[in-house]
Amino acid sequence: MGTFLLFIILVGAVWAYFKLKSPTYRISLIDPVTGYTKYLSSVDGINHSFTYSASPDAAITFKDPKRAEVFASQVDKVNQPTIEKRDSLIGKSKE
């Protein structure tokens, strides 16, 4: 029974490690008027409208970089959309 419990804990630890290790992506934009950074926080596909937030915690996060590229291509280019890669264990790096 003890080895089975150890096995379950080990499998859970390996799963958590790879789950936390996988990067997430978010879209950051530069406000053309103020020059401040803002983040894409919601998308209304029916009305083709976007909502932005100054808080990086409110940003939409993506697991797939291709999906983030699709959303970034739909945002107005005057806002200079860039995709930020967020590594859960390492920190933040920009793409």
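1. Within strand 3, Ser49 is the bridge partner of Asp44. The model is predicted: local features require pLDDT of at least 70 and side-chain atom pairs count only at pLDDT 80 or more, whereas totals for chains, interfaces and linings use all residues. Residues are numbered from 1 along each chain as its sequence is written, and side-chain values use heavy atoms, with hydrogens and water left out.

2. Strand 2 pairs with strand 3 (residues 49-53) in the antiparallel sense over five bridges. Strands here are DSSP runs of E with at least two residues, numbered from the N terminus, and pairing requires at least two DSSP bridges between two strands. The hairpin that strands 2 and 3 form has four residues between them, and His48 in the turn adopts a positive phi of about 50°.

3. Strand 2 (residues 37-44) also pairs with strand 1 (residues 24-30), in the antiparallel sense and over three bridges. Ser28 stands opposite Tyr39 of strand 2. Six residues lie between the strands of this hairpin, where Gly35 has a positive phi near 85°.

4. Thr82 belongs to strand 4 (residues 82-87). Thr82 counts as partly exposed because its relative accessibility is 30%; that class lies between buried (under 20% relative accessible area) and exposed (over 50%), with a 1.4 Å probe and protein chains only.

5. Beyond its neighbours within four places in sequence, Thr82 is in contact with Arg26, Ile27 and Ser28, contact meaning heavy atoms within 4.5 Å. From Ser49, Thr82 is 33 residues away in sequence and 18 Å away in space, C-alpha to C-alpha.
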